[in-house]
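Let us walk through this structure one piece at a time. Keep the model open as you read, and find each element as it is named.

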Amino acid sequence: MLCSDDKTKSHPVQMRSPSRNTCLLSGLWIGMLFFFTMILPITAQATDHSRMINCDVHHGTCTQKLQGMDIILDISPKPVKAMTDLKFTITLTGEQDVSEPFIDLGMPGMKMGPNRVLLKSNGKGIYSGTGTIVRCPSGKRIWKATVTVPDKGSVEFIFDVIY
Amino acid sequence: MSSIEALYLTFLTTGFAVGFGHCIGMCGPIVVSFSLNLKTKGVMAPNLLYHVGRISTYAVLGGVMGATGAFTRITTGIGGLQKGAMIFAGLIIILMGLGMGGWIPLGQIFGNYCRPEGIIARSFRKLSSIQSTAAFLPLGLLLGLLPCGPVYTALIAAAGLGMETQNTFNAVLSGMGLMTVFGIGTVPSLLMVAKLSGMGWLKSRDIIYKIGSILMIGVGIYFLIKGLRF
């Protein structure tokens, strides 16, 4: 047993007489191992963010409001697939005097590093740029596009992508 | 500070942040498995060699991204390699777990009693000698190809740097530099995990060793399934 003093057991490495602290530390060590090898990967995968989805990018545009403006997001080509070149288009209605918006791509609940899509004006409140949604090997498919309009604020579009 | 230096700093801190937030969850199990398999040696030297290998692969990928500025084309091209790396990682962890637990005599089959011929047999013999410190460098080089979301994100930035740089040589260097600083940023978290899991006096206890072996096999199966599905 882990915390018994069984010196008759054959073992290539000399067994030491365990103390209470040894038992405690052994338990902590096993717990830590279990956490790093089993719990973290499973929770990273199992957390359900699908309830957060507020945008169906595969079948059209999505709209959110920000300070009286309508912010319309479109991603093409459809269906939206990871690891492909995508065109992001933002249309702003109701406000003409704004700086160029930009989009930060990420995953809810998982840090993926800075992935910013810079947009250029096409006139009449329409801005577009290209970017890529990367594939997460955990299998999670829920992504978040945070559209920021400088000096106005930001809104989040949460959607699923195809791997 | 130039824009490139600012980007390097951004990705160094990104590597550090995702190291503690993302890499521990996704790549931590690999590091734990390797550290557990080091029966008597210190964990730092082999782990550092592993990270040198991993970061070298990142740097090469960053250089290619910088030179071409084509993230999606290159990643599509190396998709098969990444799948292979993930499956290999799963298999090697399962084998190490089985060997460490004493359930398969890796040394007897491939190391001590025969001199096998052929690539596969020789490869398995190499696997049995994975406790050698030097083996961690090629292991890192290979497993640097493991698919990983934050690595992809850094590669996108490397490709973007390449498109902004006029000179191809500078584009290669800037891509390599970006991926190198990103990789360095991820090292502290994984070294911490390795150090914690490689506490030698605890590993000398048989029951813990067996539990560690079972966990390794579980992790290996997890990677194998992920690799087959990738």
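Start in chain A with two strands, β4(A) and β8(A), the latter made of residues 142-149. Five bridges link them, and the pairing is antiparallel. For one bridge, look at A:Gly106, whose partner in β8(A) is A:Lys144. Keep in mind that this is a predicted model.

Now stay with β4(A), which covers residues 102-106. This strand also pairs with β5(A), residues 116-118. Again the sense is antiparallel, this time over three bridges. Find A:Ile103 and look across: A:Val117 of β5(A) stands opposite.

What holds such strands side by side? Strands of a sheet pair through backbone hydrogen bonds, and they can do so in a parallel or an antiparallel way.

Next comes a sheet of five strands in chain A. Its order is β1-β2-β3-β7-β6, and the sheet is open. The pairing here is antiparallel. Which strands lie at the edges? They are β1 (62-66) and β6 (120-123) of chain A, each of which pairs on one side only. From one strand to the next, the twist averages 25 degrees.

Zoom in on the β1 end of this sheet. The neighbour there is β2(A), residues 69-76, and five bridges join the two strands. They run antiparallel. Among the residues that face each other are A:Thr63 and its bridge partner in β2(A), A:Ile72.

Step back to chain A as a whole. How many helices and strands does chain A have? The count is one helix and nine strands. Chain A has 163 residues, and 28% of them are buried. Consider also the contacts between residues at least 6 apart in sequence: 58% of these join residues at least 24 apart.

Find α2(B), residues 28-37, and α5(B), residues 79-100. Their axes come within 10 Å and cross at roughly 30 degrees. Is this crossing left-handed or right-handed? The crossing of α2(B) and α5(B) is left-handed.

Which residues meet where these helices touch? From α2(B) come B:Ile30, B:Ser33, B:Leu36 and B:Asn37. From α5(B) come B:Ala89, B:Ile93, B:Met96 and B:Met100. Sorted by type, the residues of this contact are six nonpolar, two polar and no charged.

How values were computed
Residues numbered from 1 in each chain as written. Chains lettered and ligands numbered in written order. Predicted model: local features only at pLDDT ≥ 70, side-chain atom pairs only at ≥ 80, totals over all residues. Pairing = 2+ DSSP bridges. Helix = DSSP H or I, 4+ residues; strand = E, 2+ residues; numbered from the N terminus. Axes fitted to C-alpha atoms, helices over the stretch in contact; angles between N-to-C directions. Buried ≥ 20, exposed ≤ 12 C-beta atoms within 10 Å, placed from the backbone. Contact = placed C-beta atoms within 7 Å. Left-handed = near helix turned anticlockwise from the far one by under 90°. Nonpolar A, V, L, I, M, F, W, Y, C, P; charged D, E, K, R; others polar.
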